[in-house]
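Here is a short report on selected packing features. Please keep the model open while reading.

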Amino acid sequence: MTYSHLVIATTTAGVRTIMLDRPERLNAVNPTLAAELPLALAEAARDDHVRVVVLTGAGRGFCAGLDLRDPALLDQSTRVGRLDDLGWVGRWVLAMAACEKPVIAAVNGPAAGAGFGLALAADLRFVSAAATFTAGYVRVGLSPDAGVTYHLPRIVGLGPATDILLSGRDVSADEALSLGLATLVFAEESFTAEVSAHAARLAEGSPIALALTKRLLRQSLDTPLRTQLRDELTHVKTSFDTDAAREAMRAFTEQRRS
């Protein structure tokens, strides 16, 4: 599939990069980009050759949120539109959650509004030292969307999330690292190479084990302990019955790398 505002590339190791490609607008979201991103994520999720997804932005920004010059507005002109309880912004976040490949947000520059929410919905956030995170909704008289109020408290805790959202302030890369919002922070000049290296290492893992681990982590904060223990056992039984696990166990007993 071809895209107008996305650049897609996949390495031989199975790392697919989805790059938001509106650098002149800091990759702000217009109607076309709003429609394309869930399609690209679903395409990556279905492709067995893809092991890891890296989401990043072209130019000096990750995603500046809604493009106020050409906004992806919520449709109120039809009955279907008026009854739509997710909108494009909700479908962005659900597309991230539905992708059972590890998703890395490679935050190369400012991530604001829905761009902030997009980064939060990823499994890992690798952040350039030049990047900032900004909720910013209160600055323009709005409440948050894009899953920000769901993911941010779970990642940094309710107190820091409350401060970030009510103040609308910028969060630097260093602060993001201290809060646990950033998984790793890399120097601006080595950012692309570092992300590529980490993504390639992650892609070496068993796809089934990675997918099942992601399922367990995604449900863990909302699941009773007994249910979580049951699901862990179910998934580890599935993992045992894979070529990757059998080879790893043979390698271990033979004292070699799998």
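Which order do the strands of the open sheet of 3 strands have? The order is β5-β7-β8, with mixed pairing. Strands pair if DSSP finds at least two bridges between them. β5 and β8 are edge strands with a single partner each, so one side of each lacks a neighbour in the sheet. β5 and β7 run parallel and are joined by 2 bridges. Ala112 stands opposite Thr134 in β7.

| Strand | Residues |
|---|---|
| β5 | 111-112 |
| β7 | 132-134 |
| β8 | 170-172 |

This is a predicted model: local features need pLDDT of at least 70, side-chain atom pairs count only at pLDDT 80 or more, and totals for chains, interfaces and linings use all residues. Residues are numbered from 1 along each chain as its sequence is written, and side-chain values use heavy atoms, leaving out hydrogens and water.

Next, the helices. The axes of α5 (residues 148-156) and α6 (residues 158-167) come within 7 Å and cross at roughly 135°. Contact means heavy atoms within 4.5 Å. α5 contributes Val148, Thr149, Leu152, Pro153 and Val156, and α6 contributes Leu158, Pro160, Ala161, Ile164 and Leu165. These contact residues divide into 9 nonpolar, 1 polar and no charged.

Last, the rings. Aromatic pairs (centres within 6.5 Å) number 4. Phe126 and Phe186 form an edge-to-face pair, 5.8 Å centre to centre with 70° between the planes; edge-to-face means over 60 degrees. Phe126 lies in β6 and Phe186 in β9, 60 residues apart.

Terms used
Axes fitted to C-alpha atoms, helices over the stretch in contact; angles between N-to-C directions. Helix = DSSP H or I, 4+ residues; strand = E, 2+ residues; numbered from the N terminus. Nonpolar A, V, L, I, M, F, W, Y, C, P; charged D, E, K, R; others polar. Phe/Tyr/Trp six-rings, centres within 6.5 Å; stacked < 30°, edge-to-face > 60°.
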